Amino acid sequence: MRALLDLDGLDGVVDAARLAVVVLASRTPAESGVVEIRTSELGRWLGMSQSYVASVVIPALRRSGVVSISTAEGEFGQDGGLKCEVLALTKAQDVVGHPLALAKKQLATLLGLLEAVMAPGWAHQDGSVTPAGLIGTRTGRGAATDRLALLLLVLEARETGRVRLCGGTVDTRRGRAAATVARLLGCTASAGERVLERLEDRGLVLRVRLQTGSGMPNRSRLMVPAVAAAHGRTVASDVQEDRVADLEADLSDPDVAAGPGESPEAERDLQVSRVLVEDVAGIAEPDVAADLHTDHPHMVTPVVSPQRSGGFSGEGRGGQGHRPDRACVREDQVPEHETAVAESGSPVAEGSPLRGEKLAEPPVDEQEQAGTVPGGLGSRLAVVGGRKTQQLGREELPADLGLRVALTPVSWLWKNLSRWQQDHVVKATKAELAHSGRVLQWPGQAPSLLAARLQARLEETGGEALITTPFGWITHRGLVRRPSCSDVRCDDGTRLDTGADCDNCANVLHVRRAWRVRIATEVDEQLPGLGQDERYREIEARMRRHAKAEAVGFVARREEARERKVRRAAFRAEAETLAAAEAAVRQDVTCEECGRERSAGLCEACDHRRQIEVLISEAGLLQATWSADLTDPSSIAAVTAEVRAAIENDIAAEWAQFQKITDLADLDAAGPEAAKDAAAYNAFFTAEDAVADYRQRALDTLGRSEEALAEARKAYATERGKPWHQSMPDGDAALRAATQAAATAQTRTAEHLLAVRLERLRAKGRPEPVRRVPWSQRLPELAAVPLHGENAKAMA
């Protein structure tokens with residue numbers, strides 16, 4: 001991985017492009033070395049949108065020279081399909097001992113690792129589901145950086161899940177764990193700290209500290225629980241409290257002494273952290289005696305997991321000694337009158353202290369304490385108002401992959417819901433996923449988008465700990481789409497399908513500003529003597545009246561549109577009923593040629609015979625365009641008759657062949673008309689194939705005519721004379737382009753000649769239009785006609 005990320009072309013590129021190189025390398029086939037992938041699928045692996053990949057990642061990869069990319073344009077001109085080749089992997093195949101000379105099994109191992117870490121998850125057509133990786137649901141800004149950081153930490157982690165921290169001098173305000181992440185990513189310590197905080201928020205890494213005998217925090221530990229779990233270990237069992245024996249009061253504790261060249265910062269308020277950590281012996285760390293102050297994320301109010309150790313980071317100091325004796329305010333605890341239970345929101349290491357709260361013991365009533373709870377051992381009870389209890393719902397999220405991905409950000413709130421509330425949350429989530437799937441270009445993005453919406457709503461609220469009514473918050477705030485305009489794809493001014501700012505919202509804002517300017521101008525013109533406050537109140541009053549009028553007009557337009565929709569549906573139903581009735585009546589009409597009943601006026605066999613006559617005539621004209629004298633009608637008639645005889649012979653031969661391979665008894669058993677239908681169907685396809693052959697023969701012959709050859713020579717000379725071929729007019733590129741231009745011109749000329757000659761032949765076959773004789777010539781003839789019978793008597 002270091003050899004891949006240290007390639008010269010990847011210096012200074014965005015983390016999404018670096019991660020894209022890793023993803024493409026893992027998906028490289030050992031046989032061809034070329035990866036075929038869609039832009040949207042690559043974006044799902046990176047956690048970024050398709051437009052971002054097409055506009056930022058792909059150009060960055062092309063500029064780097066690390067990946068060779070050929071694209072296929074999509075519907076709107078974007079890079080829809082990609083054929084990528086990681087050039088470093090291809091070049092390293094012939095170099096013995098090169099770190100990138102990977103065998104097929106090594107590529108498979110690399111792909112398996114990436115799927116476990118960041119696979120986006122798939123739902124297959126056979127019903128099977130491939131779940132998302134550890135960080136597969138992380139999308140949006142910074143997602144590629146977080147995924148790359150977790151991948152590098154997983155590779156650096158040992159079997160126990162512990163990541164060896166970097167050595168040397170580091171920024172004590174950030175901590176050695178943040179410096180380790182920063183060095184892995186090649187970024188600043190502050191950026192590494194932000195990445196580490198985001199990974200901690202998702203429970204993917206643990207940043208803990210060892211303890212000293214005096215209760216002061218000591219060496220830090222950075223652990224990846226998933227790696228420990230993959231080796232059959234659990235963080236809860238491996239992490240132990242590492243303490244040193246208390247020294248006498250008159251002796252200094254060497255564990256808290258400052259390191260060489262460092263001075264203790266007495267003015268800093270030291271805090272106690274009793275976070276359980278892994279006890280790994282025999283591992284030295286250069287910052288053992290460095291600054292012992294606990295690392296805290298800046299400007300973040302984390303939602304943290306409970307502990308039973310009795311102390312936590314940020315705990316208040318009492319007046320009796322150095323041990324903490326009470327908790328500070330604003331911790332993630334639930335008052336006695338609330339229904340929520342403080343539990344860990346980490347899906348990786350439940351019960352592990354990530355950021356250290358005190359543990360709130362789950363409330364039970366007297367029946368459960370006595371062991372007489374009717375629900376049995378599997379019941380989960382929570383205290384509600386009046387010291388009553390209610391049975392909580394399922395702890396695990398729904399098994400459906402889409403629901404699990406969408407509800408992951410509120411997994412802690414999910415555990416505090418009753419079974420009835422969880423069912424309603426699932427119903428509301430499915431409805432919102434269905435709505436998002438209808439407006440997205442790829443419906444599979446709906447769960448991740450809904451998860452991002454829930455995460456954003458949590459950040460607005462301030463964390464899960466501040467939510468006192470989980471069911472109401474999820475159904476009425478978290479899942480609800482908040483459109484800022486009339487566009488169904490708008491959510492908080494952002495397009496659901498692209499993630500960009502909503503253009504319609506910008507238009508609405510522009511129109512409102514334009515109306516305010518217009519109304520302000522009218523006020524200034526009509527009431528020039530108003531003061532500033534009166535002018536403002538008058539403008540606001542007129543704006544309210546205008547908004548009210550717009551709302552009334554909108555309601556009227558919506559009602560009118562609904563009425564039009566109902567009328568269109570009624571007209572459509574009536575038209576479909578009439579069409580069905582007409583089709584039924586038409587179906588009862590007998591064939592006008594053979595008299596077959598219920599043939600809709602023309603049976604299949606007669607219809608095929610009519611089409612055969614048309615095809616034979618067309619074939620005769622095609623043959624006559626090059627083999628007959630177009631000015632001699634007898635020559636044209638002779639060629640047409642010859643073609644008719646040839647096609648009829650072919651039809652007879654095909655029918656004889658069909659009779660040899662078909663049992664005629666089966667045809668007779670199928671019905672009296674089955675043989676006639678089969679013969680007509682066979683003759684129709686034979687004539688159709690003959691017409692295609694005659695057309696191709698005519699094009700080939702006309703393509704060798706003098707006109708076509710002259711056009712080909714002109715196109716050949718014109719192409720070779722173009723400016724970009726002047727430097728090498730006899731080069732391969734120039735000759736190849738000139739030959740292609742000549743062939744195209746020859747083909748187009750042949751098609752033109754064929755169309756012109758066919759039109760001349762068809763014009764000769766049409767009957768001459770009968771010209772009407774003027775009444776001045778017709779009246780004398782009519783006057784000379786003698787009258788008979790009653791007409792003669794009437795005239796007499």
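Guide: E41 counts as buried, at 18% relative accessibility, where buried means under 20% relative accessible area, exposed means over 50% and partly exposed lies in between, for a 1.4 Å probe and protein chains only. This is a predicted model, in which local features need pLDDT of at least 70 and side-chain atom pairs count only at pLDDT 80 or more, whereas totals for chains, interfaces and linings use all residues. Residues are numbered from 1 along each chain as its sequence is written, and side-chain values use heavy atoms, with hydrogens and water left out.

E41 lies in helix α3, residues 39–46; helices (H or I, at least four residues) and strands (E, at least two) are DSSP runs, numbered from the N terminus. Leaving aside residues up to four places away in sequence, E41 touches P120 and W122, a contact being heavy atoms within 4.5 Å.

For comparison, helix α17 (residues 470–478) has among its buried residues F471 and W473, and the buried residues of α17 pack against α14, α15 and α16. The structure holds 5 aromatic pairs, rings of Phe, Tyr and Trp (its six-membered ring) pairing if their centres lie within 6.5 Å, with planes under 30 degrees apart stacked, over 60 edge-to-face and the rest tilted. The rings of W420 and F471 have centres 5.6 Å apart and planes at 50°, so this pair is tilted. Because W420 lies in α15 and F471 in α17, the pair ties together parts that are 51 residues apart in sequence. W420 is exposed, with a relative accessible area of 52%, whereas F471, at 19% relative accessibility, counts as buried.
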